[in-house]
Amino acid sequence: MIGSKTDPYNKLDAMTTQPFDFAASRRKEAEFDSLIDPVVKNIAKEMSLLSGGLKVWGSHFGATGIDPKHLFVYFVLPTRADVISLTEAGKFKIVRSSLLTKLEECGYPVAALQDDWLGVFSEQECKEEANGNWYYFFK
């Protein structure tokens, strides 16, 4: 029924009868983005050093304006073999720990993060599984 709480297009918060404040959510997400972006770039440089100078890049997405637990950070290496090498050598644990520390230092509520908030992938995977389209790769 249109306008009811079960209507997916209803702009009322599912838990209350208060309208959801999209503008406030976007502002909060933008604040978090300004904290997260420089940290992810810094960690990508660290990963490059840990992986012997490979080209590494990182990014993030998620509805952090709704709840900080929705953050997902990922890093990309050239090949699957590079990812395996990094993870088997235990270097990704170092990256995870460093990233958590730096996010906490800059004010991100890391206690809210879920277990699957961080990933490492390869350009090769994306090309093989989604024709190089990262949107489809993560979808």
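The legends below describe close-up views of a predicted model. Local features need pLDDT of at least 70 and side-chain atom pairs count only at pLDDT 80 or more, whereas totals for chains, interfaces and linings use all residues. Residues are numbered from 1 along each chain as its sequence is written, and side-chain values use heavy atoms, with hydrogens and water left out.

**View A. The largest nonpolar core has 24 residues.** Such a core is a set of buried Ala, Val, Leu, Ile, Met, Phe, Trp, Tyr and Cys residues joined through side-chain atoms within 4.5 Å, where buried means under 20% relative accessible area, exposed over 50% and partly exposed in between (1.4 Å probe, protein chains only). Met47, Val73, Phe75, Leu99, Leu103 and Tyr108 have the most contacts inside it. At least two residues each come from α1 (22-50), β2 (72-77), α2 (80-88), α3 (91-105) and β3 (118-122), these being DSSP runs numbered from the N terminus (helices H or I, at least four residues; strands E, at least two). The largest share, 7 residues, is supplied by α1.

**View B. Ring pairs link Trp57, Phe61, Phe72, Tyr74, Phe121, Trp134, Phe137 and Phe138 into a cluster.** Rings of Phe, Tyr and Trp (its six-membered ring) pair if their centres lie within 6.5 Å, with planes under 30 degrees apart counted as stacked, over 60 as edge-to-face and the rest as tilted. The structure holds 18 aromatic pairs; in one of them, the ring centres of Trp134 and Phe137 are 5.1 Å apart and the planes stand at 75°, so the pair is edge-to-face. Trp134 is buried at 16% relative accessible area, and Phe137 is buried at 15%.
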